[in-house]
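Let's walk through a protein model together, one feature at a time. Have a look first, and then we'll talk.

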Amino acid sequence: MMLDVRGLTAPQPAVMIIEALGKLKTGETLEVIGDKPFVDLLPKLEEAGYRIEVKEVSGFFVLRVTKTEESKELSMEVKECDDKLEEITEDTNVAKLLKAYPESLKILVKYGFSPLENPVMRKTLARTVTLRQAKKLLGMSDERFNAMMAELKALEKR
């Protein structure tokens, strides 16, 4: 199976890779070509028992992921949460935040989380990242992230 994630913004490539891996049978290999070396995903793949190989080819990166007998399914699911989060922090899962505070969607989109406007992406993408991880994936400055966090924390007081 082949997947081309060049030109996509994070975390879309990770979401697509995890979904494609769920379709592999033992012994099958997924080949992914991308702009970046997949460094955030590699530890998760190794921990889950996949055999991985990354090569740089003509300025792009090719990731080969083979499902082994020991491979565990990677999940994008999060546990259901209460309607109220204890506290919104950098480690808050985006899906949990959206469930507890639906109005947070407008704030997240305003600060560059535009894929969340798509309901399908909210069901998949949001379940895979925390606010801190999203900051890193989007390349958001500390100043902008702190401003967003202040707006999100204001939701707790309502």
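This is a predicted model: local features need pLDDT of at least 70, side-chain atom pairs count only at pLDDT 80 or more; totals for chains, interfaces and linings use all residues.

## Reading the fold

Q: How many residues are in the largest nonpolar core, and which have the most contacts inside it?

A: The general idea is that nonpolar side chains tend to be buried together in soluble globular proteins. Here, the largest nonpolar core has 26 residues, and Leu108, Leu131, Met148 and Leu152 have the most contacts inside it. Two or more residues each come from α3 (94-100), α4 (104-110), α6 (131-138) and α7 (142-156). Another core, of 18 residues, lies apart from that one, and Phe38, Leu42, Ala48 and Phe61 are among its members.

Q: How do I read two packed helices, say α6 and α7?

A: In general, you describe such a pair by the angle between the axes and the distance between them. For α6 and α7, the axes come within 11 Å and cross at roughly 145 degrees. The crossing is right-handed. On the α6 side, Leu131, Arg132 and Lys135 make the contact, while α7 brings Asp142, Phe145, Met148, Met149 and Leu152. Sort these residues by type and you get 5 nonpolar, no polar and 3 charged.

Q: What about the sheet: in which order do its strands lie?

A: As a rule, strands pair through backbone hydrogen bonds, either parallel or antiparallel. This open sheet of 4 strands has the order β1-β2-β4-β3, and its pairing is mixed. At the edges sit β1 (2-4) and β3 (51-57), each pairing on one side only. From one strand to the next, the twist averages 15 degrees.

Q: How many bridges join β2 to β4?

A: There are 6 bridges between β2 (residues 29-34) and β4 (residues 60-66), and the two strands run antiparallel. To find one of them, go to threonine 29, whose bridge partner in β4 is threonine 66. Helix α1 (residues 12-21) packs on the sheet, where it touches β1, β2 and β4. The direction of α1 makes about 165 degrees with that of β2.

Q: Now zoom out: what pattern does the protein chain follow along the sequence?

A: The pattern reads β-α-β-α-β-β-α-α-α-α-α, which comes to 7 helices and 4 strands. Of the 158 residues, 39% are buried. The C-alpha trace spans about 50 × 35 × 25 Å along its principal axes. Look at contacts between residues at least 6 apart in sequence, and 60% of them join residues at least 24 apart.

Terms used
Residues are numbered from 1 along each chain as its sequence is written. Side-chain values use heavy atoms; hydrogens and water are left out. A nonpolar core is a set of buried Ala, Val, Leu, Ile, Met, Phe, Trp, Tyr and Cys residues joined through side-chain atoms within 4.5 Å. Buried means under 20% relative accessible area, exposed over 50%, partly exposed in between (1.4 Å probe, protein chains only). Two strands pair if DSSP finds at least two bridges between them. Axes are lines fitted to C-alpha atoms, for helices over the stretch in contact, and angles run from 0 to 180 degrees between N-to-C directions. Contact means heavy atoms within 4.5 Å. A crossing is left-handed if the near helix is turned anticlockwise from the far one by less than a right angle, and right-handed if clockwise. Ala, Val, Leu, Ile, Met, Phe, Trp, Tyr, Cys and Pro count as nonpolar, Asp, Glu, Lys and Arg as charged, and the others, Gly among them, as polar.
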